[in-house]
2 protein chains.
Amino acid sequence: MPEFAEVADGLQMPLAEAMRTQRAVRRLRVDPVDDETVLELLRLAVKAPTGSNAQGWEFMVVRSPDVKHQLARLNRQAWSLYRRFARSRARGDLGQARILAAVQWQADHFEDAPVIIVACLQGRGFPSNMGRTSHYGSIFPAVQNLLLAARALGLGAALTTLPLWSRTLARRTLGLPSNVTPCAVIPLGWPVGGGYGPTSRRPVEEVTHLDRYGNRAFLGLDGRVEPS
Amino acid sequence: MPEFAEVADGLQMPLAEAMRTQRAVRRLRVDPVDDETVLELLRLAVKAPTGSNAQGWEFMVVRSPDVKHQLARLNRQAWSLYRRFARSRARGDLGQARILAAVQWQADHFEDAPVIIVACLQGRGFPSNMGRTSHYGSIFPAVQNLLLAARALGLGAALTTLPLWSRTLARRTLGLPSNVTPCAVIPLGWPVGGGYGPTSRRPVEEVTHLDRYGNRAFLGLDGRVEPS
């Protein structure tokens, strides 16, 4: 498996290409990912903006089999409850069915990822809507940087919050103090199979409104757009 | 002012360079930003991951002087309350003082930005910690894509939540239905002055823990690290 120096050039990937080919890669090999690779992902993660430039993040790098096992158990607990709902919603939708199969694979192999990152934030945010928005807005841009950088290196990664269904249990698992909030879990590893590739999305013109909600001014005059 | 075709090559910027030189650019020229530029930013924004791939985003593109004026008023209301707190906290910190001066400039010129994006999300998220995390985790990665793409084009942008201090008033301003939540506001425009450039951050080794919180295993043996 490559060490960081062998894959570092990947970070020169054109920005638009990295974004257009980012997808959740959940099927991961057990082969090791070195510390330098993980630290470089984190160095790019912390370049993201935070409210008032507070930089209140803390990153857990989980390599211990015991801690991974506990996170895997928390993940399976949430997934066993959520699965039925997700499956009934996905019925007949091939794309969703494919995602669910990958999430199931991930649940079955969660502790086998060579490294699992848990992105945390100091504080709990003010208990208001703006406080909460500003709180989460100070960690998910960093998480997205981490995911994009992983994509550019060809390192499999996917964002999940399932293992955090109980903050109390997640804090206990990681030894987090009560003023540090776990926000996102990202298992990392070299992909099994193809890994990254182009994604499809609803055309932006359908979800973009000019000045007032409902004014979809960017749709073609006949209401049709080219898929983006 | 450039049209999209003239700046599109910027999106080929190496990923790591875009991240390392992203900063909040708040001093914006009044000169126009064309629709194609805005739509391309949104096309890259929606490449970001969302929980269950729900893609529940809605983007408001605000160009109307009247709507911009109302957002500017909401922004000034929140800023006038927050400013005193922020200033007292920033006392003696030159970096923070510089940020506050830029936020003040932004408050004074908010309605002059040629276009203001408001990133919204369908639904309110389940009223649980995991529900909220997953909710905000489904919009801020897209916002970060938008900010990185703006950086790559040389287009000034900065994330703020101040105009959203009252969701009721923000919804009324934008005509949003009650099941659409405004999450982030991004004024866009060509920069006044220098714009983007390298940023500094606390070394990641100080905020990275191996397996258990407090185990800063990536710090040098003497506890010192090179600034990253």
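**Exercise 1. Where in chain A does A:Asp211 lie?**

Find the residue, then examine its backbone and surroundings. The model is predicted.

*Solution.* 
- Step 1: A:Asp211 sits in the segment after β5 of chain A.
- Step 2: Its phi is positive, about 70°, although A:Asp211 is not a glycine.
- Step 3: Most residues other than glycine have a negative phi.
- Step 4: Count neighbours. A:Asp211 has 18 other C-beta atoms within 10 Å, so it is partly exposed.

**Exercise 2. Which loop holds A:Gln55?**

*Solution.* 
- Step 1: A:Gln55 belongs to the loop between α3 and β1 of chain A.
- Step 2: A:Gln55 is not a glycine, yet its phi is positive, at about 50°.
- Step 3: There are 16 C-beta neighbours inside 10 Å, so A:Gln55 counts as partly exposed.

**Exercise 3. How many helices and strands are there in chain A?**

Describe the chain as a whole.

*Solution.* 
- Step 1: Count the elements. Chain A has eight helices and five strands.
- Step 2: The pattern reads α-α-α-β-α-α-β-α-α-β-α-β-β.
- Step 3: Along the principal axes, the C-alpha atoms of chain A fill a box of roughly 60 × 45 × 40 Å.
- Step 4: Look at burial. Of the 228 residues in chain A, 46% are buried.
- Step 5: Look at contacts. Take those in chain A with a separation of 6 or more: 80% come from residues 24 or more positions apart.

**Exercise 4. At what angle do α4 and α8 of chain A pack?**

Work out how the two helices are arranged and what their contact contains.

*Solution.* 
- Step 1: Two packed helices are described by the angle between their axes and the distance between the axes.
- Step 2: Helix α4 (residues 65-90) and helix α8 (residues 167-174) of chain A pack at about 170°, with axes 10 Å apart.
- Step 3: Apply the cut-off. Angles over 145 degrees count as roughly antiparallel. The helices α4(A) and α8(A) are therefore roughly antiparallel to each other.
- Step 4: Name the residues. α4(A) brings A:Val67, A:Gln70, A:Leu71 and A:Leu74, while α8(A) brings A:Leu169, A:Ala170, A:Thr173 and A:Leu174.
- Step 5: Sort them. Six are nonpolar, two are polar and none is charged.

**Exercise 5. Is α3 of chain A largely enclosed or open, and why?**

*Solution.* 
- Step 1: Helix α3 (residues 35-45) of chain A has eleven residues, and eight are buried. It is therefore largely enclosed by the rest of the structure.
- Step 2: The buried residues include A:Val38, A:Leu41, A:Leu42 and A:Leu44. A:Glu40 and A:Arg43 are buried too.
- Step 3: Find what they pack against. In chain A, the partners are α1, β1, β2 and α7. In chain B, they are α2 and β5.

**Exercise 6. Which strands does β1 of chain A join through bridges?**

Trace the strand, its faces and its pairings.

*Solution.* 
- Step 1: Check burial. Six of the six residues of β1(A) are buried, so the strand is largely enclosed.
- Step 2: Recall the general idea. Strands of a sheet pair through backbone hydrogen bonds, either parallel or antiparallel.
- Step 3: Take β2(A). Six bridges join it to β1(A), and the two run antiparallel. Here A:Phe59 stands opposite A:Ala119.
- Step 4: Take β5(B). Three bridges join it to β1(A), and the two run parallel. A:Phe59 has B:Thr208 as its bridge partner in β5(B). A:Val61 stands opposite B:Leu210.

**Exercise 7. How many residues of chain A are in contact with chain B?**

Describe the side of chain A that touches chain B.

*Solution.* 
- Step 1: 75 residues of chain A are in contact with 75 residues of chain B.
- Step 2: α7(A) gives the most to this side of chain A, with eight residues.
- Step 3: Sort the residues on this side of chain A. They divide into 44 nonpolar, 19 polar and twelve charged.

Terms used
Residues numbered from 1 in each chain as written. Chains lettered and ligands numbered in written order. Predicted model: local features only at pLDDT ≥ 70, side-chain atom pairs only at ≥ 80, totals over all residues. Axes fitted to C-alpha atoms, helices over the stretch in contact; angles between N-to-C directions. Helix = DSSP H or I, 4+ residues; strand = E, 2+ residues; numbered from the N terminus. Parallel < 35°, antiparallel > 145°, perpendicular 65-115°, else oblique. Contact = placed C-beta atoms within 7 Å. Nonpolar A, V, L, I, M, F, W, Y, C, P; charged D, E, K, R; others polar. Buried ≥ 20, exposed ≤ 12 C-beta atoms within 10 Å, placed from the backbone. Pairing = 2+ DSSP bridges.
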